[in-house]
Amino acid sequence: MYSLSDLQTALDNPEWFARELNRLYAHRLNLRDHNPNGIDVFEADWDNLLILDACRYDEFKRMCDLSGNLEKVRSRGATSSEFVRGNFTGRTLHDVVYVSANVYYPYLRDEIDAEVHAFVGLHDDDMRDAGDGLTTHPETVTEHALAAHKSHPNKRLLVHYFQPHQPYIGPYGKKRFDPGRGLIDTVKNNDPSREELLRAYRENLELVLEEVETLLAELPGKTVVSADHGEMLGERMRPIPVEDYGHHAGVYIDELLDVPWFISENGRRKEVVAEPPDASRATDVDGEEMAEQLRALGYRE
């Protein structure tokens, strides 16, 4: 559904209109709520799964110098909401503890009928001074992940970092970019070259990989590093060949679906036990607060 402001934007910005036409074209070809041909992460073999938000396979391969084996897989989502819908819908995951700086699981949890043993959300008080409070620093996620492992050593641990997704929080990225409502808005407001955009994106990726290295050393068993989806960084879409940025539901192209599957082993495997969640420790979430954060990041859904 488009508003009058969207119509005015289309009149003022033909490139925006062309991008919207490309997305409508993609949606016509992909009418599902997720990519059905992607990997089912909960059917895969791991003790700990570390998810990087908006991390492209090619950039991960370029930046990663960790010890382990790297594969390429297809994600079930071109966005975080598609990733959540495609992997969590209708599932009772009482062997999983989920630590996340991304709000989509709690935002969709009731709608998609999903339940984990414990969920630790970091989208509220744990936000530090980065991008007007739109993000959680990766070291904060690491701290909570280690605490969750200590509290739940016999559970599969799912850790969802927010980087390399914008806002850009490295020294160069913070200085060069004022975050907008989504990457397209950020690019429009800051007018970067592709090299400048890649520098900020890679800086975010480097920051989160430093935290990944910490968890690989601390967490026992088989740890996999992957992503919920990729990111467009100025590639030309089709059928109208305009540059596009960010990630959009139903746009199933390599830059958005190809994600890393990096495998690292650290000692003995976990002895995982499924147990119902402790209802007394459940926390309420503010749906409108989460919706506002999603809007601030450029999501319409």
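Threonine 223 stands opposite serine 264 of strand β9, strands being DSSP runs of E with at least two residues and helices runs of H or I with at least four, both numbered from the N terminus. This residue pair is described in a predicted model, for which local features need pLDDT of at least 70 and side-chain atom pairs count only at pLDDT 80 or more, while totals for chains, interfaces and linings use all residues. Residues are numbered from 1 along each chain as its sequence is written, and side-chain values use heavy atoms, with hydrogens and water left out.

Strands β6 (residues 221–227) and β9 (residues 258–266) are paired in the antiparallel sense through five bridges; pairing requires that DSSP find at least two bridges between two strands. In general, strands of a sheet pair through backbone hydrogen bonds, either parallel or antiparallel. The open sheet comprises seven strands in the order β2-β9-β6-β1-β5-β3-β4, and its pairing is mixed. Because β2 (69–74) and β4 (115–121) stand at the edges with a single partner strand each, one side of each is left without a neighbour in the sheet. From one strand to the next, the twist averages 20°.

Within this order, strand β5 (residues 156–164) is mostly covered, nine of its nine residues being buried (under 20% relative accessible area, with exposed meaning over 50% and partly exposed in between, for a 1.4 Å probe and protein chains only). Strand β1 (residues 48–53) runs parallel to β5 and is joined to it by five bridges, with leucine 158 of β5 as the bridge partner of leucine 49. Strand β3 (residues 92–100) is likewise parallel to β5 and joined to it by five bridges; here serine 100 stands opposite histidine 160 of β5.

Valine 259 is located in strand β9 and counts as buried, with a relative accessibility of 1%. Leaving aside residues up to four places away in sequence, valine 259 touches several residues, including Cys55, Tyr57, Val73 and Ser226, where contact means heavy atoms within 4.5 Å. The C-alpha atom of valine 259 is separated by 9.9 Å from that of glutamate 231, 28 residues apart along the chain.

Helix α9 (residues 194–218) lies across β1, β5, β6 and β9 and runs at about 160° to β5. Axes are lines fitted to C-alpha atoms, for helices over the stretch in contact, and angles run from 0 to 180 degrees between N-to-C directions. The axes of α6 and α9 come within 9 Å and cross at roughly 15°. The two helices α6 and α9 are therefore roughly parallel to each other (angles under 35 degrees; over 145 is roughly antiparallel, 65 to 115 roughly perpendicular and the rest oblique). By class, the contact of α6 with α9 has six nonpolar, two polar and three charged residues, with Ala, Val, Leu, Ile, Met, Phe, Trp, Tyr, Cys and Pro counted as nonpolar, Asp, Glu, Lys and Arg as charged, and the others, Gly among them, as polar.
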